[in-house]
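Please keep the sequence and the 3D view open while reading.

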Amino acid sequence: MTLPLGFVVALDRDTRVLDGGRTLLGGSPLRLLRLTRRARPLLTDRTVHVRDRAGALLADRLLEAGLAHPVVRALPLPDDPRYTVVVPVRDRPRELDRLLTSIGPDTPVIVVDDASTHRAPVEAAAARHGARFVPLKVNVGPAGARNAGLRLVGTPYVVFVDSDVVLPKDTVPTLLRHFSDPRVALAVPRVTALETPGSSTWIGRYERTRSSLDLGSRPALVRPGTPVSWASTACAVARVDALDEGFDERLRIGEDVDICWRAIKSGRRVRYEPSVHAAHEHRGRLGDWFRRKAAYGTGAHPLAERHPEFIAPAVLAPWSGAFVLALVAQRRWSLPVAGAVGATTVLRVCRKLDGTEHPVRLASSLTAMGALGALAQTSALLTRHWWPLTVAGCTISRRVRRATALAAVADVALEYLHQGAAVDPLRYGIARRLDDLAYGAGVWWSAIKGRSTAALRPRLRQPR
């Protein structure tokens with residue numbers, strides 16, 4: 001499957017063009033790509049326009065490496081862009097009516113009622129908007145409800161939208177343009193906060209800034225181990241013939257992560273497109289919010305059983321693992337050893353950059369970035385995934401207390417300064433720590449039930 005003529009990709013903003021256009025450096029994990037003499041003229045102003053097979057091969061390689069992303073507004077719609085919207089719902093007639101109003105009357109919609117306690121208001125809301133109503137006798141969860149709707153879809157594309165979402169008019173047409181890449185199986189928008197009376201609480205304001213569903217402002221190829229490692233199906237467009245058997249109905253949590261990862265394993269692509277959005281009604285009450293965060297964590301072990309190679313809470317290179325361990329030890333020898341590890345890494349990276357301009361400067365910069373990334377992952381382990389062990393360690397070790405205090409304060413301070421927030425720093429920090437406590441508790445609960453530590457074990461990435 002090759003990219004069609006007219007397809008356009010642009011380099012990611014972090015991709016560096018080196019040596020007068022002969023070398024590209026970027027992606028996640030970081031990689032160095034040396035362009036052949038024939039390929040260099042195809043890259044102009046950080047953009048590749050597919051005009052022939054050579055351009056298609058280069059653009060495809062850049063996409064696969066995460067070095068570039070499609071210029072979605074420049075892409076054509078698929079030859080047959082017809083789609084059907086599938087909405088799983090349970091006892092949310094007001095929210096369903098709001099969603100169907102945003103979709104409009106000219107789009108085929110299937111509303112799957114997942115055994116609502118009070119079905120009549122849900123059915124009435126669907127009828128007012130001319131949607132097909134499919135009632136289920138037994139509650140099967142979001143995965144089963146989506147599958148029930150998927151089996152009735154007769155269009156090439158399906159749009160899954162949760163009932164607590166409002167869908168802007170340009171979101172689906174824009175996402176459909178990604179399917180001009182024949183390898184794309186799913187495309188998802190940015191999930192932003194819907195303004196409601198409940199969103200004005202301090203937890204609601206925190207969620208506006210740091211919702212688990214909001215994957216950020218930068219386009220991405222969804223891939224485990226990268227900054228965008230999964231995508232939510234609160235709103236997602238999918239190629240029907242790429243979904244195989246659909247969602248795994250055994251999963252009540254994490255079914256969206258699973259379907260993304262299965263698509264990726266099969267050689268398909270999942271695109272995250274933040275230039276369009278879907279507005280989601282986040283939880284604004286502390287108790288509901290905390291329970292939901294914990295529920296997200298309980299999906300860790302079932303996902304570990306299905307995707308053991310993808311689930312690690314941290315992925316470190318051997319050198320960065322050694323660097324972090326030296327610093328966490330907090331001994332007299334810690335800084336010299338960490339410095340030696342860093343210097344050795346700079347020399348090793350220099351050899352890989354042989355032939356590029358200023359290899360020492362570039363290698364030093366890349367090593368520093370890797371070290372900061374490793375420290376950030378270690379901070380998340382201490383305060384999120386491993387917090388029960390961290391609490392136990394704090395009761396017996398001054399060094400653990402120091403490391404934990406630094407991690408707990410530093411990540412909040414850096415996030416707050418970088419992102420800003422609609423809530424004051426103190427309450428942002430409290431919400432951030434509660435977020436981690438809830439999610440980590442869910443992960444540990446699922447690990448204990450599953451009698452496995454797979455979802456808690458970091459992974460060492462093999463050197464390239």
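## The second largest pocket

The second largest pocket has a volume of about 400 Å³, a volume being the space filled by probe spheres set on grid points that are joined across faces, edges and corners. A pocket here is an open set of points on a 1 Å grid over the protein atoms alone, where a 1.4 Å probe fits, with protein on both sides within 12 Å along at least five of seven lines, and lining residues have an atom within 4 Å of a point. Of the 20 residues in the lining, Val-324, Leu-325, Val-328, Thr-378 and Trp-386 are the closest to the centre of the pocket.

At least two lining residues come from each of helices H10 (318–329), H12 (359–385), H13 (387–394) and H14 (398–419) and strand S18 (459–460), and H10 contributes the most, with five. Helices (H or I, at least four residues) and strands (E, at least two) are DSSP runs, numbered from the N terminus.

## Basis of the model

This is a predicted model, in which local features need pLDDT of at least 70 and side-chain atom pairs count only at pLDDT 80 or more, while totals for chains, interfaces and linings use all residues. Residues are numbered from 1 along each chain as its sequence is written, and side-chain values use heavy atoms, with hydrogens and water left out.

## Strand S15

Strand S15 (residues 235–239) is largely enclosed by the rest of the structure, because five of its five residues are buried (under 20% relative accessible area with a 1.4 Å probe, protein chains only; exposed is over 50%, and partly exposed lies in between). Cys-235, Val-237 and Arg-239 lie on one side of S15, and Ala-236 and Ala-238 on the other.

S15 pairs in the antiparallel sense with strand S11 (residues 157–161) over five bridges, where pairing requires at least two bridges found by DSSP. Strand S13 (residues 184–193) also runs antiparallel to S15, joined by two bridges. Ala-238 is the bridge partner of Val-158, and Leu-186 stands opposite Ala-238 as well.

## Salt bridges

The whole structure holds 37 salt bridges, each a side-chain nitrogen of Lys or Arg within 4 Å of a carboxyl oxygen of Asp or Glu. In one of them, Asp-60 and Arg-269 have their closest N and O atoms 2.9 Å apart, linking helix H1 (residues 53–65) to strand S16 (residues 269–280) across 209 residues. Both Asp-60 and Arg-269 are buried.

Arg-210 and Glu-415 form another, at 3.0 Å. Arg-210 is partly exposed at 22% relative accessibility, whereas Glu-415 is buried at 16%.
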